[in-house]
Amino acid sequence: AINRNLHDVQGKTKVSFEFFPPKTEQMEQTLWQSIERLAPLTPSFVSVTYGANSGERDRTHDIIKSIKQRTGLIAAPHLTCVDASVEELKQIARDYWDNGIRHIVALRGDLPAGTTEKPALYAADLVEILRSVADFDISVAAYPEVHPEAPNAQFDLLNLKRKVDAGASRAITQFFFDVEKFLRYRDRCAAVGIDVDIIPGILPVTNFKQLLKFAALTNVAVPGWMHNAYEGLEQDATTRNLVAANIAMEMVKVLSREGVEHFHFYTLNRSELSYAICHLLGVRPIAQPQV
Ligand code: FAD
């Protein structure tokens, strides 16, 4: 099934969109404009992040509730376990379930800066806790370039297997720019018996400077060709957007030909680039979007 043409997969492709809780009223407006623009593409689900240790879980929950009400889409809150006890997590899970939330993105979360102790709970434990409460649909994180804390790649891969064995139904990857690394990772997942979808996390990069900081923290390689692509565009947001779209489109085209049928977009609460990439993938609105 490999090496299909792009037009062969049109109509089959599934997408999901990730948002984060806005900090200002203006950011909130942008978020809702983006959700309204992307909703007619009928994503499999949309998710809303929750910053571990931020104490702002309610904001994530509020947005999830509004998305469900306003769009009818499946909305999945991200939930971290690094900052809560088992009892608290069970209570949160029960609340979510009672509010009709059936899909959770289960994460450990980053340790607070300066922590040297091992955390009490890892994401695999959270998956087990959620499963003990109700029959949630659970997504977990995967790292084609290895999570920065993992002792080695095989350990990290087997950690993903533990999360799947505990009950996760799909894995969403950290963003990446080297498509080959993703494909090799997907093969290695299959080789150790991970039988769920490994969904590439696509980040269209409009702010290259910020990306470099984030990539360094997350152990994601930024290839030389990308440095070259963004060189000299520090003051030119319009061209950066075009470059970002082009790079992400090239990536999804190759991934699509390699059989990837579900793409997860790190939208950063913007719709333009994700919308354009979806259009190219044949993911089109079911009704005319309101613009
Ligand atoms: P885990 O799967 O628990 O792995 C964490 C590390 O511990 C890995 O190195 C793993 O190999 C290692 N490990 C696992 N089990 C053990 C063990 N028993 N002993 C020793 N080491 C072990 N962060 C947020 O705060 N909020 C979000 O909303 C959020 N959303 C995300 C969405 C996606 C798709 C991704 C890819 C990441 C997201 N993150 C988010 C970041 C994530 O919380 C961090 O990467 C975090 O450091 C690890 O979370 P995890 O769920 O992958 O942890």
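Visitor: What should I know about the model before we start?
Guide: This is a predicted model, where local features need pLDDT of at least 70, side-chain atom pairs count only at pLDDT 80 or more, and totals for chains, interfaces and linings use all residues. Residues are numbered from 1 along each chain as its sequence is written, and side-chain values use heavy atoms, with hydrogens and water left out.

Visitor: Why is His262 called buried?
Guide: Buried means under 20% relative accessible area, exposed means over 50%, and partly exposed is in between, using a 1.4 Å probe and protein chains only. His262 has 4% relative accessibility, so it counts as buried.

Visitor: Where is His262, and what is it in contact with?
Guide: His262 is in strand β8, residues 262-266. Helices (H or I, at least four residues) and strands (E, at least two) are DSSP runs, numbered from the N terminus. Leaving aside neighbours within four places in sequence, His262 is in contact (heavy atoms within 4.5 Å) with residues including Ser16, Phe45, Asp197 and Pro200.

Visitor: What makes the pairing of His262 and Ser16 a polar contact?
Guide: A polar contact is a pair of N or O atoms within 3.5 Å; within protein, one must be able to donate a hydrogen and the other to accept it, and residues adjacent in sequence count only if both atoms are side-chain atoms. The side chains of His262 and Ser16 are joined at 2.9 Å.

Visitor: Why are α2 and α3 called oblique to each other?
Guide: Helix α2 (residues 25-38) and helix α3 (residues 57-71) pack at an angle of about 40°, with axes 11 Å apart. Axes are lines fitted to C-alpha atoms, for helices over the stretch in contact, and angles run from 0 to 180 degrees between N-to-C directions. Angles under 35 degrees count as roughly parallel, over 145 as roughly antiparallel, 65 to 115 as roughly perpendicular and the rest as oblique. Therefore α2 and α3 are oblique.

Visitor: Which residues of α2 and α3 meet?
Guide: Leu31, Trp32, Ile35 and Glu36 in α2 meet Ile63, Ser66, Ile67, Arg70 and Thr71 in α3. By class, this contact has five nonpolar, two polar and two charged residues. Here Ala, Val, Leu, Ile, Met, Phe, Trp, Tyr, Cys and Pro count as nonpolar, Asp, Glu, Lys and Arg as charged, and the others, Gly among them, as polar.

Visitor: How do you know whether Ser271 is buried or exposed?
Guide: Ser271 has a relative accessible area of 9%, so it is buried. Ser271 lies in the loop between β8 and α11 (272-280), and touches Ser34, Arg37 and Leu38, not counting residues up to four places away in sequence.

Visitor: Why is Phe20 called partly exposed?
Guide: The relative accessible area of Phe20 is 26%, so Phe20 is partly exposed. Phe20 is found in the loop between β1 (14-19) and α2. Among its contacts beyond four places in sequence are Met27, Leu31 and Leu268.

Visitor: What makes the phi of Thr42 worth a look?
Guide: Most residues other than glycine have a negative phi. Phi of Thr42 is near 45°, a positive value in a residue other than glycine. Thr42 sits in the loop between α2 and β2, and is partly exposed because its relative accessible area is 42%.

Visitor: What is the phi of Asn53, and where is Asn53 placed?
Guide: Phi of Asn53 is near 70°, a positive value in a residue other than glycine. Asn53 is in the loop between β2 and α3.
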